[in-house]
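Please read them alongside the sequence and the coordinates.

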Amino acid sequence: MAADVPADGLPAEEPARDGLLRQLSRFVAVGALSAVVDLGVYTLGLHLGLATWLARAISFVFGTTTAYVLNRRWAFGVEGGSRRAAGFALLYGTTFVVVLSVNALALLWLPERWWAPTLAWAVSQGVGTACNFVVLRTVVFRR
């Protein structure tokens with residue numbers, strides 16, 4: 001029976017689950033910081049009079065750049081390279097379309113109130129974040 005237990009004393013499923021939880025918690029922390037960058041740039045763009053779609057597009061680029069650097073190095077702990085960068089660019093290019101579409105749809109459905117652009121941003125950010133974690137973990141930053 002002792003042969004079935006690894007040296008760390010944990011069943012084989014535990015390290016994999018711990019790895020997933022560690023990655024997910026770091027991904028959430030990076031996501032929170034990236035979201036602050038994204039929302040800050042979005043809000044600044046709106047205050048400067050940019051069209052909503054343009055402010056969202058620019059903010060997405062800033063938030064995405066922050067997310068790539070921190071997720072690659074800290075959350076998923078992998079080396080860079082052209083293949084990973086290309087995978088990331090493809091994923092985030094797709095997410096870009098999804099995020100802008102969800103943001104636009106949310107603005108159509110929400111009443112015209114002062115808080116609507118921020119709520120539309122939050123909804124689009126949530127959808128994009130969920131998609132990104134799954135694809136980053138299983139494809140782009142897979143070891």
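**Notes on helix packing**

1. Helix H4 has 25 residues and reaches 33 Å from its first C-alpha to its last, close to the 36 Å expected at 1.5 Å a residue, where the expected span is 1.5 Å times one less than the number of residues. Helices here (H or I, at least four residues) and strands (E, at least two) are DSSP runs numbered from the N terminus.

2. On provenance, this is a predicted model, in which local features need pLDDT of at least 70 and side-chain atom pairs count only at pLDDT 80 or more, while totals for chains, interfaces and linings use all residues. Residues are numbered from 1 along each chain as its sequence is written, and side-chain values use heavy atoms, with hydrogens and water left out.

3. The secondary structure of the chain comes to four helices and zero strands, and the pattern read along the sequence is α-α-α-α. Of the 143 residues, 31% count as buried, a term that means under 20% relative accessible area, with exposed being over 50% and partly exposed in between (1.4 Å probe, protein chains only). Among contacts (heavy atoms within 4.5 Å) between residues at least 6 apart in sequence, 72% join residues at least 24 apart.

4. Helix H3 (residues 82-109) packs with helix H4 (residues 116-140) at an angle of about 155°, their axes being 8 Å apart; axes are lines fitted to C-alpha atoms, for helices over the stretch in contact, and angles run from 0 to 180 degrees between N-to-C directions. H3 and H4 are therefore roughly antiparallel to each other, given that angles over 145 degrees count as roughly antiparallel, under 35 as roughly parallel, 65 to 115 as roughly perpendicular and the rest as oblique.

5. By class, the contact of H3 with H4 has 17 nonpolar, six polar and one charged residues, where Ala, Val, Leu, Ile, Met, Phe, Trp, Tyr, Cys and Pro count as nonpolar, Asp, Glu, Lys and Arg as charged, and the others, Gly among them, as polar.

6. H3 has 28 residues and spans 40 Å between its first and last C-alpha, close to the 40 Å expected at 1.5 Å a residue. Helix H2 (residues 52-75) also packs with H3, at an angle of about 145° and with axes 10 Å apart, and the crossing of H2 and H3 is right-handed. Among the residues that meet there are Trp-53, Arg-56 and Phe-60 in H2 and Tyr-92, Phe-96 and Val-99 in H3; by class this contact has 12 nonpolar, four polar and one charged residues.

7. Which residues does Val-99 contact, leaving aside its neighbours within four places in sequence? Val-99, which lies in H3 and counts as buried at 3% relative accessibility, is in contact with Arg-56, Phe-60, Ser-124 and Gly-128.

8. Gln-125 lies in H4 and is buried, with a relative accessible area of 16%. Not counting residues up to four places away in sequence, Gln-125 touches Ala-35, Asp-38 and Arg-56. The buried residues of H4 also include Trp-121, Asn-132 and Phe-133.

Methods. Left-handed = near helix turned anticlockwise from the far one by under 90°.
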